[in-house]
Amino acid sequence: MKYWRGYGKSSIIDKLVHVSQLTTLIVLILTGVILIAYELLSFRYGFMDLLRGQARIIGANNVAALTSNDRSTAEETLRALKEDNHIRGAFIYLKNGTPFAAYHRTPHAGQNTFPAFQRSGYSVSSRFTRLYEPIVFEGDTVGFVCIEFTLSVLYERLLGYAGIVAVLVLLSGGIALLLRRRWKEAITKPFLDLGALMRRVSQEQNYAARAERPGIEELDPLAESFNEMLSQIQKRDFDLVLHRMHLQDLVARRTSELAEANEQLQQELSDRLRAEEELRDYQKKMEALINSSSDLIYLKDIEFRYLIANTACQRFLEKDLEEIIGRTDFDIQPGDIASIIGRIEREVLHGNKPIDREILLAGRDYHVVMQKVVDESEQIIGVAAVIRSITEQRRLQDQLKQAQKMEAVGQLAGGIAHDFNNIMTAIIGFATLLNMKIPEDDPRSMDVGQILASSERAANLTQGLLAFSRKQVIQAIPANINQIVRRVERLLSRIIGEDISFKTILTGEDLVCMVDPTQMEQVLVNLATNARDAMHNTGLLTISTEQVTLDMNYAKAHGLKKAGPHALITVSDTGEGMDASTRERIFEPFFTTKEPGRGTGLGLSIVYGIINQLNGCINVYSEPGLGTSFHIHLPLESSVQIFEEKGEAAQPVPVGGTETILVAEDQLQVRQMIKDVLERFGYRVILAEDGNHAIEQFTKHKDEIHLVILDVIMPKKNGKEAFDAIRSIRSDMKAIFSSGYAADILQRRGIVEEPVNFIAKPVSPKDLLAKIREVLA
């Protein structure tokens, strides 16, 4: 109370000084409080934001470690924080709160001790503060990070600020006491200025402002300290801004790097998935390709256990794939087959080159290609094989050889028949002319008759050769096979004799085929004759018919043009049978097993040629002592009208004429015979010896000639070329072509491209004269 009573009595200056002192003290205290509050706020907002940014960087750098569960990489990343002395520790948690990685600046017994888990925010204790931040990747929280920061730096700053304030208070009080009277006014103004500056700094937070030195020794340090404090605050604020910018740049750069790494990872993942898909697609295609093959394809390891076996291999082994893989041939095949395959596999595995050979397995022929399989390091990993069945190929090759042989023999037979027909034409013609000149009661007439009879047999022989070589004209019509068999049944009974039993077994269906009925009768007669000779006047001959349906494999194997319904004619006997060598040659011309004088060897050749011309096939089945069976297949026709045969017309009496005929024939005897026959019957004849000569003769006598007779095959120009030249001179000229070949063969060769008047050699004078009158009429 005494103090306040005395204070009330003090001067205004003293009061001002006291007030100034008190104000200065209060301002200094407020400034200290403000600075402390500002430091606390800066710590809370600025420094905590800095820690939060650093926590996010740590989290971003550890996304890959969290997703791949790489704890060591995460701990290595956290250890990089040792450069900051104020960071006491750092911790990473999984998204479920499970501790994952930790960093402790000061190692201690609880090295791996983790603080209590929080999802976000911070906690403050007397010694440190903890900041919790979630780790987010592509919108999903993958974990959490915690940074433990020591508060020693804060305490140091607060103590520094408190010391500064205390010093200022003490200085101001001491100076006031010493210079209170003399320097009241001088001291008051600087304090007031300083107070104003403090208020402005506090309000505007303009740390660039500075206190002016009052020029008083005692107050200048205060101003300098205050300015130094502002400089430190300004520098720290600037450092914080720079650090924040650096952290932002670092975060942006790391974010970009992570984005690039993520994009590259996504691309690599996409490439890998695409490669895996392409590999699966390739494997499926290869599997389909291998399984579509009819060959046996497999892969085995060095212990000869199956690794791969395609569908054909499974069928051959008669096992499912699960029963094959991992097993050897000795586990799933008969011992003899397994031994053969195993011997080849060992030879390949221990040899230096692949195997390519043919083998016999279970009575069938196979072609084997086998080689060893090595990996990228040239280590042998097993053997691979492709095994193809060639039994059917062998059979087709044998069939082709037989067909080629028959074709070659047929060509030879056809050529012989052609030349022979020219000779027989001359013999028959001159013999006929001679017979016309000899009276009927003349003994020489019988000799001429024998000549004509022998010539007819020779002509029949050539017809047989032509039939075998398929150069005979076929007059195919729709006919019922059953009717043909019934019509020839009585004739066959007489041929085989009473000692041999004969029966027919005919189907109730109509078997309509395109055939030449006369030639089909010839087929049955020839087969019955052969059967009779094979049974030696005792046994049973059976002819049966039925309808069968052939598949494409059978049709191709037997040379048929089409599959489907066929008529099957079976001619069987109980004779002596045939061995394999005889069966192979049975259809060859002039081949016979009969004794001399009992056959020409053309009977079955004629049968073979006729059936082939009818687009059918004939097969023989026979064993010694078990008889023989011939099977004939002919394609059935549908929706056709059966041709009704008419009786034979009476042979017309030869008629002559007075017309002029040009005869072109390169064979002198034939040319002369035709000339004699035609002149005997009143015709005028002009001769030519080849095609060019025929054109010359026609050019000279074009207005006189009524008909030309042309041999098809002639020197220089053939018959067609000569006739084309003649037609160019006279388009209405008629012609008759003659040849030892059949007309259809000439058409196939292109010599005759359209139906023509044709007469085949050998030709009798009666047939020649009848053909001439027919054409001229």
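The protein chain has 23 helices and 22 strands; helices (H or I, at least four residues) and strands (E, at least two) are DSSP runs, numbered from the N terminus. This is a predicted model, in which local features need pLDDT of at least 70 and side-chain atom pairs count only at pLDDT 80 or more, while totals for chains, interfaces and linings use all residues. Residues are numbered from 1 along each chain as its sequence is written, and side-chain values use heavy atoms, with hydrogens and water left out.

Of the 777 residues in the protein chain, 41% are buried. Here buried means under 20% relative accessible area, exposed means over 50%, and partly exposed lies in between (1.4 Å probe, protein chains only). The accessible surface of the chain comes to about 43500 Å², and carbon and sulfur atoms account for 53% of that surface. Accessible areas come from the Shrake-Rupley method with a 1.4 Å probe; for residues, only the protein chains shown count as cover. Among contacts (heavy atoms within 4.5 Å) with a separation of 6 or more, 63% are between residues 24 or more positions apart.

Salt bridges come next. A salt bridge is a side-chain nitrogen of Lys or Arg within 4 Å of a carboxyl oxygen of Asp or Glu, and the whole structure holds 25 of them. Arg52, Arg56 and Glu133 are linked in a salt-bridge network. In another case, Lys235 meets Asp239 at 3.0 Å, N to O. These two residues sit four apart in helix H7 (residues 220-292), so about one helical turn separates them. Lys235 counts as exposed because its relative accessibility is 52%, whereas Asp239, at 35%, counts as partly exposed.

Helix H7 also holds Glu277, which is partly exposed with a relative accessible area of 44%. The side chain of Glu277 makes a polar contact of 2.7 Å with that of Arg280. A polar contact is a pair of N or O atoms within 3.5 Å; within protein, one must be able to donate a hydrogen and the other to accept it, and residues adjacent in sequence count only if both atoms are side-chain atoms. Ser293 lies in the loop between H7 and strand S6 (296-300). From there, the side chain of Ser293 reaches the backbone nitrogen of Asp295 at 3.1 Å. Leaving aside neighbours within four places in sequence, Ser293 is in contact with Asn310 and Ala312.

Asp573 is buried because its relative accessible area is 10%. A polar atom of the Asp573 side chain lies 2.8 Å from the backbone nitrogen of Gly575. Beyond neighbours within four places in sequence, Asp573 is in contact with Ala531, Met535, Leu540, Gly627 and Thr628.

Strand S18 (residues 660-664) is mostly covered, with five of its five residues buried. Thr660, Leu662 and Ala664 point one way from S18, while Ile661 and Val663 point the other way. S18 pairs with S19 in the parallel sense over five bridges, where pairing requires that DSSP finds at least two bridges between two strands. Leu662 has Ile686 as its bridge partner in S19.

Lys675 and Glu679 form one, with their closest N and O atoms 2.9 Å apart; both lie in helix H19 (residues 668-680), four residues apart, or about one turn of the helix. Glu679 is partly exposed at 36% relative accessibility. Glu704 and Arg684 form the other, with closest N and O atoms 2.6 Å apart. Glu704 lies in the loop between helix H20 (691-700) and strand S20 (707-711), and Arg684 in strand S19 (residues 684-688), so this pair ties together parts that are 20 residues apart in sequence. Glu704 counts as partly exposed at 31% relative accessibility, and Arg684 counts as partly exposed at 40%.
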